[in-house]
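Q: Pick one spot in this protein and take me through it up close, please. Once that's clear, widen the view to what surrounds it and then to the rest of the chain.

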Amino acid sequence: MPGHGRMPCPVPPKEISPGMTLSRDRATPSFSDSGLNLLPGVIYRRNITPPWQPEWLNDGLQALCGYRPRGADDSAQLLSVIPLSRQQELQQQIERQLREQNRFSIEYSIRHKDGSIRWIQDRGQRAPDNAQMIEGLWLDISDRVNREEQLRTQHSQLQGELKLSASKLQLANQELKRALLTQIELQEARSTELQRIQGQQQTLSRLVDMASSKRYDFHQLLKEICHLCCRILRTDRLGIWMFEDNAAVSDLLYDTATDAFSPPATIRPDSHPQLLEFLRQQRILILHQGDHPEVVNELQETLPSAADNRLIFAPLTGSNQTICGVLIADCDNRRRTWHSDERFFLASVADFLELQIMNQQKQGLLDELRAFRNAVEQSNSGVMMLNRNGEFVYVNHAFSNITGFQADELIGQPLLERLQLVQQSLDSQIRESLFEQQALWQGEVRARSKQGNLYWAHMTLTPVLDERKQLCQFMGVYLDTTGQKDAQAHIEKLAFSDPLTGLENRQLFQEKLQQALLNCERSGSQIALLFLDIDNFKRINDSLGHRTGDQLLIQVATRIKACVRTSDGVARIGGDEFTILLHEVEKPSDAGAVAKNILTIISKPFYIDDHQIMVSASLGITLAPGDGSDINSIMRHADLAMYKAKAQGKNTLQFFTETMNEEAQLRLFLENELRNAMANEELYLNLQPKVDLADGTICGMEALLRWNHPERGMIPPDHFIPIAEDTGQIIEIGNWIIRTCCDYIVRLTEEGYGHLNIAVNLSARQFREPSLIETIKMAICESGIDPTQLEFEITESMLMDKVDQAIEQMNQLKRIGVTLSIDDFGTGYSSLAYLRQFPIDLIKVDRSFVQDIPYNSGDMEITAAVIAMAHRLNLRVVAEGVETAEQQDFLRQQLCSYAQGYFYSKPLTFELLVQQLPALNRQANNKLFSQ
Ligand SMILES: Nc1nc2c(ncn2[C@@H]2O[C@H](COP(=O)(O)O[C@H]3[C@@H](O)[C@H](n4cnc5c(=O)[nH]c(N)nc54)O[C@@H]3COP(=O)(O)O)[C@@H](O)[C@H]2O)c(=O)[nH]1
């Protein structure tokens with residue numbers, strides 16, 4: 001307060017304790033004598049310097065302060081009735097006025113002994129006799145001041161009146177006028193404050209409007225806060241920093257000078273622990289220069305102005321009570337005063353912003369929740385929420401679709417009652433897992449829908465814990481796996497069944513067989529395995545097509561199944577191969593009876609696509625555990641028995657015997673040994689002469705293959721040639737025979753027997769081999785023989801399979817110029833019609849017709865007929881297996897061209913033959929003509 005301004009005294013001066021009195025100086029004049037005691041107020045002479053030691057006082061002190069002046073030895077001080085906090089300032093004012101005017105007049109409050117406040121006007125001047133002393137007067141102005149106080153409490157409406165009154169009344173009293181002017185200043189200050197507050201409120205209203213606007217944009221709102229607050233607070237900059245997980249996620253700084261926003265330096269919460277600590281404690285933190293050096297230090301880098309300027313901070317507290325941001329106003333003016341309304345305003349803005357942040361977070365959470373709910377609602381997977389009792393509190397559409405129950409039919413209902421699990425044992429498992437162990441349960445369930453349909457589902461139920469780790473609910477995922485199960489079953493069926501007939505496939509059959517063998521072992525019972533192969537099925541396929549073949553197989557399967565019990569097994573394990581497993585077979589004849597039934601029923605006509613088809617089957621039977629105790633051996637034994645049945649003329653059944661096993665083992669042995677036979681030169685050719693029945697000369701030879709095994713000795717061709725056929729080795733062997741025979745013809749020619757020919761047996765596989773023609777051509781070409789000297793014997797059965805192709809192959813052979821004959825004629829049911837088409841030169845009457853001549857008239861008639869027919873077809877005839885003169889004579893009578901047999905010679909090695917040829921010629925001539 002400048003000049004003579006009043007100093008309020010709101011608190012009792014602690015320097016003076018009640019009961020204290022002021023002293024009278026030793027030099028004090030007698031006031032009663034002088035009459036000064038009659039004057040109002042306190043008249044004093046005191047030291048100019050504190051503590052204002054009085055030299056003399058009048059009695060007015062007691063009336064004004066309640067203290068009695070005392071003797072000169074008391075050390076009372078006038079300054080002690082003045083509050084300590086004001087003393088220094090008062091002293092300075094008095095000294096200043098004395099300096100300027102040599103006197104002073106100041107109003108201030110003192111504390112009465114009774115504790116009450118009194119206002120005084122202190123007027124004084126330096127003592128004329130001592131510059132260190134002051135003489136003055138304390139006048140009690142409490143009434144006036146109190147009155148002024150009352151006036152001050154009046155509001156703005158009085159201001160006008162006061163101003164009016166001041167001008168109209170033209171107060172004579174200068175003191176009152178000054179008081180009134182002071183009032184006006186106060187009112188003006190309040191008006192400014194009011195205006196500021198109004199502006200602040202408008203700003204807040206505007207922000208609230210923005211926040212409630214439909215076009216609400218949080219970032220825009222932040223900008224507006226910066227902008228408006230800068231203006232209303234008259235600050236130079238205002239920034240908002242926001243943190244999340246210790247990182248600034250958004251920061252914005254408005255600069256009044258440029259009226260522009262810029263990204264400020266980043267404030268990372270973890271780099272400003274002191275600042276955070278302050279912000280946590282205070283709603284508003286004002287940073288003055290020199291204040292809170294620890295905070296200033298922290299801000300040195302990010303906010304260098306923190307050290308120079310005044311900053312005001314308002315923390316932003318998030319929903320979890322942690323500081324999520326800060327609002328900072330920055331003012332270049334170092335003497336800036338932050339009024340309480342401004343602090344309040346900034347705090348209000350911070351409150352508002354916190355609310356917006358929370359709304360933002362809430363909105364974000366709501367958006368997330370909404371998105372999550374939408375996702376769950378639209379999910380194809382069934383989702384359910386259960387309360388702690390296992391009752392539905394939520395289900396999505398997919399769950400309703402799977403179970404057939406709508407949400408309102410499920411909510412509040414217990415899960416296990418509604419699902420109606422078929423596997424009832426699961427109920428207790430689920431209950432135990434969820435309610436007792438509070439553990440996750442998942443598994444495949446078979447349940448019944450509301451409509452009563454059974455379905456499969458995969459269910460996962462997970463306990464959900466709250467923040468206190470207490471079970472609050474269960475979350476469940478429910479997937480309809482019926483389609484998957486069906487597909488799986490279908491795949492399993494495909495994997496274990498024959499797609500054509502629907503019978504079991506080999507894998508399933510073998511698994512069942514394995515199980516049956518184990519049962520036999522345990523129970524001592526017996527099983528039978530039947531192995532069935534349709535005879536000549538290939539012909540049906542080739543002649544009527546695969547579709548008909550397939551239909552036949554389906555019908556065969558049906559007929560087989562009709563012959564066995566449902567507990568027995570029937571499988572198709574190959575093209576036309578079926579296996580049948582008979583359980584609990586008491587004796588072999590029981591299995592035999594079933595097998596016969598099957599053969600009988602299969603031999604009955606089948607009707608497919610207007611075709612009546614007659615087939616037969618060959619069937620092998622093996623019994624377990626007698627014939628074998630493992631799958632492989634009994635399957636092999638049944639197979640061997642079936643082959644045996646087939647070899648025995650088809651349409652028959654054969655029980656497995658150990659001999660078959662031995663034969664099979666021998667075959668396996670031969671198969672392996674044959675691979676090395678050629679390389680080891682164990683194979684060689686014998687030649688058996690043929691005699692011309694017209695002149696008794698040797699006209700040619702038949703080449704017959706021999707195998708001299710180093711350990712087993714001579715192995716008959718009947719045994720190893722079929723194996724060579726099966727393994728394909730016959731091609732290599734056959735080529736070698738052709739080349740060897742060409743070589744023999746060359747050597748015979750060299751020996752003078754250039755008229756002799758050699759007949760080579762062609763196997764079926766060789767005959768069909770496309771490279772045969774080239775091989776023969778090459779052999780003839782390389783040897784340079786006359787091709788007619790080389791003869792090829794082809795069996796009847798080879799020709800009857802794919803006749804057209806056979807004829808074509810024969811034509812090609814004939815084009816080379818070789819001689820062709822049909823071997824084993826009469827055994828293969830060859831049609832005479834075909835015979836005319838075959839480009840052949842000779843027919844060989846099979847040994848079986850010759851061997852019983854002259855005892856079997858039937859064979860004699862057939863032989864005679866074949867010879868006659870051959871003549872009619874202009875073909876020559878060779879009779880084989882001639883062992884007796886009677887046979888020779890009969891054949892000669894029938895005009896058979898040639899004869900071959902032991903009667904003339906057994907097959908001989910080339911060397912022996914060449915050596916014996918002259919003798920053989922003589923002997924043959926003798927045999928024919930010497931009788
Ligand atoms: N693809 C080929 N097959 C061949 C070849 N070599 C022989 N074979 C065929 O093997 C079967 C058995 O032949 P094999 O044991 O050699 O028997 C032949 C003669 O030894 C035998 N034969 C001849 N004369 C008589 C006789 O008076 N009595 C009697 N009991 N047996 C006799 O007959 C067989 C010749 O038969 P065939 O071929 O039908 O003229 C046999 O089927 C041979 O064909 C070969 O190299 N390749």
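A: Let's start at Thr403, which touches Leu410, Leu419, Ser449, Lys450, Gln451, Tyr455 and Tyr478, leaving out residues up to four places away in sequence; a contact here is heavy atoms within 4.5 Å. Keep in mind that this is a predicted model, so local features need pLDDT of at least 70 and side-chain atom pairs count only at pLDDT 80 or more, while totals for chains, interfaces and linings use all residues. Residues are numbered from 1 along each chain as its sequence is written, and side-chain values use heavy atoms, with hydrogens and water left out.

Thr403 sits in helix α12 (residues 397-403). Helices (H or I, at least four residues) and strands (E, at least two) are DSSP runs, numbered from the N terminus. With 2% relative accessibility, Thr403 counts as buried; buried means under 20% relative accessible area, exposed over 50%, and partly exposed in between, with a 1.4 Å probe and protein chains only. The Thr403 side chain makes a polar contact with the backbone oxygen of Phe399 at 2.9 Å, and another with the backbone nitrogen of Phe405 at 3.3 Å. For that label, you need a pair of N or O atoms within 3.5 Å; within protein, one must be able to donate a hydrogen and the other to accept it, and residues adjacent in sequence count only if both atoms are side-chain atoms.

Next, the sheet. Five strands make an open, antiparallel sheet in the order β14-β13-β17-β16-β15. The edges are β14 (392-395) and β15 (441-448), each with a single partner strand, so one side of each has no neighbour in the sheet. On average, neighbouring strands here are turned by 25° against each other, direction ignored. Two strands pair if DSSP finds at least two bridges between them.

β16 and β17 form a hairpin with five residues between them, and Lys469 in the turn has a positive phi of about 65°.

Helix α15 (residues 425-436) lies across β15, β16 and β17 (471-480), at about 145° to β15. Axes are lines fitted to C-alpha atoms, for helices over the stretch in contact, and angles run from 0 to 180 degrees between N-to-C directions.

Elsewhere there's another open sheet of five strands, ordered β19-β20-β18-β23-β24, with mixed pairing. β19 (569-572) and β24 (653-655) are at its edges, each with a single partner strand, so one side of each lacks a neighbour. The twist averages 20° from one strand to the next. Strand β23 (residues 617-624) and β24 run parallel and are joined by three bridges, with Ile621 partnered by Phe655 in β24. Helix α19 (residues 546-563) lies across β18 (527-534), β19 and β20 (577-582), at about 15° to β20.

If you're wondering about cysteines, the whole structure has zero disulfides, a disulfide being a pair of cysteine sulfur atoms within 2.5 Å. The Cys229 sulfur is 7.5 Å from the closest cysteine sulfur, in Cys226, which is too far for a bond. Cys331 has its closest cysteine sulfur in Cys230, at 9.3 Å, again too far. Cys229 is buried at 0% relative accessibility, and Cys331 is buried at 3%.

Finally, the whole protein: it has 33 helices and 34 strands, and 47% of its 931 residues are buried. Of the contacts with a separation of 6 or more, 61% join residues 24 or more positions apart. The accessible surface is about 47,400 Å², with 49% belonging to carbon and sulfur atoms; areas come from the Shrake-Rupley method with a 1.4 Å probe, and for residues only the protein chains shown count as cover.
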